[in-house]
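I opened my notebook and the model side by side. Here is what I looked up, entry by entry.

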Amino acid sequence: MLWFSLLVLIPLVAVIITASSGGWSAFAHQLGNEQTASAIWLTIRAAIVVTLINVVVGTVIAWVLVRDKFWGKGLLEVIIDIPFALPTIVAGLVLLSLYGTSSPLGLHWANTSMSVYLALAFVTLPFVVRMVQPVLEELDADVEEAAASLGASRFTTFRRIILPSLAPAIAAGAALSFARGMGEYGSLVLLSGNLPFKSEVASVRILSAIENDNPEGAAAIAAMLLVVSLLVIVVLDLVQRRMVRRG
Amino acid sequence: MAETRRAPRTPLTYVLRLVVIAYLGLLVAWPVVLVAWNAFHVPDVGFTTEAFAGIFGDPQMMHAIQLTCMAAVVATLINLVFGVSISLLLVRTEFPGKRVLSALIDLPLSVSPIVVGLALVLVYGGRDGWFGPTLESAGIQVIFATPGIIMATAFVSLPLVIREVIPVLEEIGTEQEQAAASLGASSWQTFWRITLPGIKWAVIYGVVLTLARSLGEFGAVKVVSGNVLGQTRTATLAVEEKYLNFDQQGAYAVAFLLASVSVICILVVFVLRARGARVR
């Protein structure tokens, strides 16, 4: 308990206290800085877009991994986990090799806002897949067959039978992926070039505030991100409780 | 997997399969392969291991790698002990605030690493942190030194062991433990002989995941370490430094080393999981 407080709780409380030390107006002033506001806005936008992509693509990937069977599926399983295990700085370098200036595809996304979306899509890939996959595996085929035998089309079966049972898992994965996207830093350092107003995200703003000896500014942005993480945790907790009640 | 059942194959099956393979290929597989390729392949020269020789010949680089390994191992050990004990606490006992604590445990997974670094600096910073000056006068420097790196690493990988162990603890229940206790085993013996073997595999997955995460931590470490050459520079920080200094070959080589370790970790977990599924 003591270790947990020393390591996690007290430092995080310190962030909130430092952020609020100047009162509400100082806090709003720090966040109102044009460059900061633009960075935060970009981060929120990218996190939302990428989360939506993950909800769709992640569910599809989980579906294919569970229901389809083909040669090389095991390899895909391993590939899904790579973004989670790969050091974020290496993830940035990895993406840079395919989407950077010497791109063999001819896509020069480095140093543009596209790079932010790309990096977030990479690092948040596993969340929805890994949440949905076990639920999909446990799903009872009887209900689907019953629906089909009663004349439901495959689309109707999916929408009315499968999707409702997957929804909590998708929501949990989406929440994690959103939180991760909001706070991403490592993979963006090399890839995005951190251009103000263009490809600079909230975490980068925090770091530059720390380096410019402006702990209040850093803490203000950090507190905002922290609130987002806390909200995500609350959502996760609620969703998990619902899943347990049902199961 | 309980039973293999398959929907009838329709064109949609193939379309979905293709979409998934294309998405994963473009986003993950191709770029990762390219980095491996770049680490060994120099334009106009061909394949060479020169970059690796450069890394292993550079004492500062070796120091960075050692520091990374050391911090990762220490952080993993801390999280192992802490993780198992807090899991036992959360599953086997009731106390007020338990729900809040179990929700807070997940916090490090969703907090930005930069925020983690900032939080640690605010509390343990030598100049104007809350505890920093006191610790400093006692001769312990945390921020811009190794303890800070270890703390940052332990912070970000904190929930991994716990998340693996808790579900297993809940599943195995307390019957065997009670039986052992009723036969006169001390609580230590019960833990060592009954509980630990039961959660062994979960602990091992947790440790492997923690290790992988710890080796690769970048953001939090960047804030707390100060990145002093030969002292507090870790391998991930060196990748950035090398890349920004136009030593792309070196950056790719270090990145390749780090990436291979994490891929090996995934494979270990993958194989263990497959085995576990068979045993059950």
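**Where the chains meet**

I began with the contact between the chains: 62 residues of chain B touch 65 residues of chain A. I count two residues as in contact if their C-beta atoms, placed from the backbone, lie within 7 Å.

I kept in mind that this is a predicted model, where local features need pLDDT of at least 70, side-chain atom pairs count only at pLDDT 80 or more, and totals for chains, interfaces and linings use all residues. Residues are numbered from 1 along each chain as its sequence is written, while chains are lettered from A and ligands numbered from 1 in the order in which they are written.

Which helix of chain B gives the most to the side that touches chain A? I found helix 1 of chain B, with 16 residues. Other helices of chain B supply at least two residues each, among them helix 11 (187-215) and helix 14 (248-279). Helices (H or I, at least four residues) and strands (E, at least two) are DSSP runs, numbered from the N terminus.

I sorted this side of chain B by class: 49 nonpolar, eight polar and five charged residues. Ala, Val, Leu, Ile, Met, Phe, Trp, Tyr, Cys and Pro count as nonpolar, Asp, Glu, Lys and Arg as charged, and the others, Gly among them, as polar.

**Chain B on its own**

I noted two domains in chain B: domain 1 (14-48) and domain 2 (61-279). The bounds come from an automatic or database domain assignment. Taken over C-alpha atoms, their centres are 30 Å apart. Each domain of chain B brings six residues to the contact between them. On the domain 1 side, helix 1 (residues 11-40) of chain B gives the most, with five residues. That side has five nonpolar residues, one polar and no charged.

Next I checked the UniProt record, an unreviewed entry. Its "transmembrane region" annotation covers, among other spans of chain B, residues 12-37 and 138-162. Such annotations may be inferred rather than shown by experiment. Residues 12-37 of chain B are 100% helix, with end C-alpha atoms 35 Å apart. Residues 138-162 of chain B are 64% helix and 0% strand, with ends 33 Å apart by C-alpha atoms.

**Chain A**

I found twelve helices and zero strands in chain A. Its C-alpha trace spans about 65 × 50 × 35 Å along the principal axes. Of the 247 residues in chain A, 49% are buried, meaning that 20 or more other C-beta atoms lie within 10 Å of a residue's own, with C-beta atoms placed from the backbone.

How values were computed: A residue is buried if 20 or more other C-beta atoms lie within 10 Å of its own, exposed if 12 or fewer, and partly exposed in between; C-beta atoms are placed from the backbone.
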